[in-house]
Amino acid sequence: MTEPSVRAAASDLAFLTTGSTDGVLPAMDGGISDGGMSDSGISDGGDQAAVQADRLLVLRSSVPRQGGRLPVTAVDESALFPALEEAYGLGRWRAWRRTDHGSSNLSWFVRTDAGDVVLRRSHNLKTVAGAEFECALIDHLRGHGYPAPPVERTRDGSISVQVEGILHMVTRLMPGRAYDPGDAAQLVEVARGLGRYHAIVSELSMPGYRERSSGLATLGQVGQEKLYAAVEVMASLLDADAGAALREDARYLADRMEQLNVGLGGRQKDLTSMVIHGSYGQSAVLMDEGRLSAVLDFDRSAQELLGLDLAYALRSFCFNGPIRRAGFGLDPDRCRTFLHHYRSHAPLAESDLAAMPDVFQAQRLMVVVKKCENLLTKQALIPRQTQDAAKFARIMDREASCIRLLMDNPFTITEDA
């Protein structure tokens, strides 16, 4: 049994989201407004076309994450699960166990009377608007036959439940097993799966409208300031030589951040922007008898540069060797295979391919900014220790080495080289 975190009174424990950004409704009053709404939260006079239009409207603009993640706290399952069981019409929640993976969210496999589901307890950065965006995207994909996990609605048609201020979403458990990197046929399948995803979401882009990349924006002044702030916190806990090395790495990373913010930023009009998956890698796919049976983890989906999705996927599926986390080891043959089968389902502009050497670097630097942002958030609550500083210095050294390698050996992505 875990220790409870800050706990609300029982009558105020659960809140159901209304499915709009207007707010939340207390679970105790049934979650139904007085404005002629049905149990699904849809106006009785509306039709399915209007519902679909509303969902597409939600997908016109993404919801970038703001701030840093709080430390993961213990969960009082004895209070959480009865509240969720009451909110959802799935019968009894008979058994559950934590999933093995997940760094920012907590998830459980749950056996209910209505079947097996997955419960996700989101991090503190997940908002109602972000949940709406994710759910609308999944609905849109499933409407095209894409194997995304359906979101379970509550008894009153809501897409999520707030417990102690944290959003919880329930999806159906999808069939399949983990991706096997040694199976060449599975590489073909996941490449086609990403191409199919991009082909489906491409219809969401409005002609003439381009939303500036929020990821690239983080590499500007604000992101560089967060980098320097985090480095100063950590450097003060290190000896003089280690602190100096950390500051030198930070100067190099900040300089490259500025170059990419300006350089790639100036080329955005020539680059494809769409609702990317955000984390299309080995942990986000399930395979069943050699076929792609499920694509998971739409939590990071956002309107962004297509190249960021491609860079993430290539780094995950096309590595060669055990040091891929440091940015090395991309296998050109695997990349060619991936691109060939990706293009069998979705076009890929030459301008996007040409930008990939810079996009690989930008993606790594976005991760650096997020790590710094998370560190500063945690520092405000629990001061960091010497071991934290040493770990942070190793990460910054690794990322600086990775960027230098990519600068000296730009990995040009084509099907011919």
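The following is a conversation about how terms are applied to one predicted model.

Modeller: This is a predicted model, in which local features need pLDDT of at least 70 and side-chain atom pairs count only at pLDDT 80 or more, while totals for chains, interfaces and linings use all residues. Residues are numbered from 1 along each chain as its sequence is written, and side-chain values use heavy atoms, with hydrogens and water left out.

Colleague: How many helices and strands does the chain have?

Modeller: The chain has twelve helices and twelve strands. Both are DSSP runs numbered from the N terminus: a helix is H or I over at least four residues, a strand is E over at least two.

Colleague: Why is A313 called buried?

Modeller: Buried means under 20% relative accessible area, exposed means over 50%, and partly exposed lies in between, with a 1.4 Å probe and protein chains only. A313 has 0% relative accessibility, so A313 counts as buried. Of the 417 residues of the chain, 47% count as buried.

Colleague: What makes A242 partly exposed?

Modeller: A242 is in helix α7 (residues 240-266). Its relative accessibility is 29%, so A242 counts as partly exposed.

Colleague: Why are α4 and α8 called roughly antiparallel?

Modeller: Helix α8 covers residues 306-317 and holds A313. The axes of α8 and helix α4 (residues 184-201) come within 12 Å and cross at roughly 170 degrees. Axes are lines fitted to C-alpha atoms, for helices over the stretch in contact, with angles from 0 to 180 degrees between N-to-C directions. Angles under 35 degrees count as roughly parallel, over 145 as roughly antiparallel, 65 to 115 as roughly perpendicular and the rest as oblique. The two helices are therefore roughly antiparallel. L187, V190, L194, Y197 and H198 of α4 make the contact with L306, D309, L310, A313 and F317 of α8.

Colleague: How many residues of each class are in the contact of α4 with α8?

Modeller: There are eight nonpolar, one polar and one charged residues. Ala, Val, Leu, Ile, Met, Phe, Trp, Tyr, Cys and Pro count as nonpolar, Asp, Glu, Lys and Arg as charged, and the others, Gly among them, as polar.

Colleague: What makes F81 and W96 a stacked pair?

Modeller: Rings of Phe, Tyr and Trp (its six-membered ring) pair if their centres lie within 6.5 Å; planes under 30 degrees apart count as stacked, over 60 as edge-to-face and the rest as tilted. The structure has nine aromatic pairs. One of them, F81 with W93, is edge-to-face, at 5.9 Å centre to centre and 70 degrees between the planes. F81 is in helix α2 (residues 77-87) and W93 in strand β3 (residues 93-98). F81 and W93 are both buried. F81 and W96 have 4.0 Å between centres and 5 degrees between planes, which makes that pair stacked. Ring pairs link F81, Y88, W93, W96 and W108 into a cluster.

Colleague: Are F81 and W96 buried or partly exposed?

Modeller: F81, at 1% relative accessibility, counts as buried. W96, at 32%, is partly exposed.

Colleague: How do you know that β4 and β5 pair?

Modeller: Two strands pair if DSSP finds at least two bridges between them. Seven bridges join β4 (residues 106-112) to β5, and the two strands run antiparallel. W108 stands opposite L119 in β5. With two residues between them, β4 and β5 form a hairpin. Strand β5 (residues 115-121) has five of its seven residues buried. β5 also pairs with β7 (residues 166-172) in the antiparallel sense, over five bridges.

Colleague: Why do β8 and β11 stand at the edges of their sheet?

Modeller: The open sheet has three strands in the order β8-β10-β11, with antiparallel pairing. β8 (177-178) and β11 (291-295) each have a single partner strand, so one side of each is left without a neighbour in the sheet. β8 and β10 (residues 285-288) pair over two bridges, and R177 stands opposite M287 in β10.

Notes
Contact = heavy atoms within 4.5 Å.
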